[in-house]
Amino acid sequence: MKRHVLALALAALAASAAQAQSSVSLYGLVDMSVGSAKASGAKSSVQNADSGKMSTSYIGFKGSEDLGGGVTAIFTLDSFLRADGGQSGRFDGDLFWARNAWVGLSSKEFGTIKAGRNTTPLFVSTLMFNAFGDSFGYSPSIRHVFSSGTVSGDSGWSDSVLYSTPGYAGFSLQAIVAAGEGNGGRNTGLSGHYSDGPLGAALVYQKVAKGATVDDTTTWQANGSYDLGMVKLFAQYAKVDNDTKRTDYKLYEAGFAVPVGAGKVLAQVGKISASGTGAVGRKTYSLGYDHWLSKRTDLYVVGMLDQITGQSRGNSVSVGMRHRF
C-alpha cells in the first residue's frame with residue numbers, strides 16, 4: 001500500500017512538473033463600434049456597425065515548452081475575424097491564420113527565431129510610434145503606410161523567418177526574410193529599436209520584391225516618442241520608393257496622447273507627399289478619447305478627417321468598445 005501511495009505521489013509530481021514546463025493558452029480581442037463614414041471622394045456617408053475600427057478583432061492560440069538549458073519552444077496561431085458579420089479574416093479571401101502562424105525557439109541569451117507567417121518589423125514600429133496604435137480605421141500612420149498604395153506587401157509575411165535579438169542597454173534588433181519560392185525575389189526587413197525611460201526610437205528598412213502582381217518597394221522609416229508624463233509625443237517619417245511604377249512617397253506623421261481620468265485623449269496627423277506619374281498625396285487628421293473600464297475593456301469615441309489630393313474630403317466618427325481575453 002505504501003508503495004502504491006508513493007507511486008501515485010511521484011506520478012502526480014511528474015505531471016505537475018510537466019504541466020509547469022509547457023503551456024497552451026487561448027486569447028484574443030473583439031472590437032465593435034457604431035458610427036458614420038464618408039470616404040474621401042465619395043458622394044455620401046454610410047452609417048455602420050463595424051468590427052476592428054480601433055484594433056482588428058482576432059482570436060489566437062499560443063504555447064511554450066521549456067526544453068532546458070534556457071531554451072524554450074514556442075508557437076503562435078492567430079486568426080483575424082469580423083465580429084459584425086461573423087466572418088473570418090479582415091476581408092473576403094483573407095488567409096485564415098493571416099495575423100500569425102509560426103513556430104520557433106527562444107533564449108534569453110541568444111534571442112528568438114520564428115519560422116512561418118510573421119508580423120513585419122515595419123508594422124510593429126508603425127503601431128508603436130503613433131497615438132492610435134494599430135488602428136486601420138483611424139490611425140493616419142497605419143492608413144498611410146499600409147492602405148494608401150505606398151508600401152507594398154502585407155503587415156505579415158508568409159514563408160518567413162524572423163530573428164529578434166535580446167535587449168541590451170535598451171537596444172534590440174529584428175531581421176526578417178520571406179523566401180521568394182519562385183514568385184519573384186525575396187522580401188527583407190530590418191529594424192533597430194531603443195527604449196530607455198521616457199525616450200523611444202526606431203529605424204526600419206524594408207524591401208518588398210515577392211509577388212508577380214505586387215509592386216517592388218523600398219521603405220525607410222524613422223520613429224521617435226517621448227513621454228513627458230502629462231503628454232506623450234510621437235513622430236514618424238518614412239520614404240517609400242516604388243521601383244515598379246517609378247513613384248516616390250514621403251510620409252510625415254505626428255501625434256500625442258494625454259492622460260485624462262481613466263483614459264487618454266489621442267490625436268494624430270499625417271501627410272503623404274507624392275511624386276511621379278499617377279502618384280497621389282493625402283492628408284489625415286484623427287482625434288479621440290479612449291476610456292478604460294478595466295485592464296481588459298475600454299470604450300472609445302473617435303473622429304477623422306481624410307482627404308486624397310484632387311478628391312472631396314472624407315469624414316468618419318465611431319463610438320466603440322474593445323475587450324481582450
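A search of the whole structure, a predicted model, finds one cavity of 30 Å³ or more. A cavity here is a set of points on a 1 Å grid over the protein atoms alone where a 1.4 Å probe fits but cannot get out. Points are joined across faces, edges and corners, and volume is the space filled by probe spheres set on them. The largest cavity holds about 40 Å³. Its lining residues, those with an atom within 4 Å of a point, are Val145, Gln221, Gln236, Tyr237, Ala238, Leu251 and Glu253. By class, four are nonpolar, two polar and one charged. Ala, Val, Leu, Ile, Met, Phe, Trp, Tyr, Cys and Pro count as nonpolar, Asp, Glu, Lys and Arg as charged, and the others, Gly among them, as polar. β13 and β14 each supply at least two lining residues. The largest share, three residues, comes from β13.

Residues are numbered from 1 along each chain as its sequence is written. Local features need pLDDT of at least 70, side-chain atom pairs count only at pLDDT 80 or more, totals for chains, interfaces and linings use all residues, and side-chain values use heavy atoms, with hydrogens and water left out.

The largest nonpolar core has twelve residues, including Leu122, Val145, Ala238 and Leu251. Such a core is a set of buried Ala, Val, Leu, Ile, Met, Phe, Trp, Tyr and Cys residues joined through side-chain atoms within 4.5 Å. Buried means under 20% relative accessible area, exposed over 50%, partly exposed in between (1.4 Å probe, protein chains only). α2 (121–128), α3 (140–146), β13 (232–242) and β14 (247–260) each supply at least two core residues. Helices (H or I, at least four residues) and strands (E, at least two) are DSSP runs, numbered from the N terminus. Beyond its neighbours within four places in sequence, Leu122 is in contact (heavy atoms within 4.5 Å) with Val145, Phe146, Val151, Val204, Gln206, Thr219 and Gln221. A second, separate core of ten residues includes Tyr138, Leu266, Val302 and Met304.

Ser40 lies between β1 (22–38) and β2 (46–51). Ser40 is buried, at 12% relative accessible area. The Ser40 side chain reaches the backbone oxygen of Ser312 at 2.8 Å. A polar atom of that side chain lies 2.9 Å from the backbone nitrogen of Ile308. Glu109, in the loop between β6 (100–107) and β7 (111–119), is exposed, at 62%. Glu109 and Ser44 are 65 residues apart in sequence and 56 Å apart in space, C-alpha to C-alpha.

Notes:
On a 1 Å grid over the protein atoms alone, a cavity is a set of points where a 1.4 Å probe fits but cannot get out, and a pocket is an open set with protein on both sides within 12 Å along at least five of seven lines; lining residues have an atom within 4 Å of a point. A polar contact is a pair of N or O atoms within 3.5 Å; within protein, one must be able to donate a hydrogen and the other to accept it, and residues adjacent in sequence count only if both atoms are side-chain atoms.
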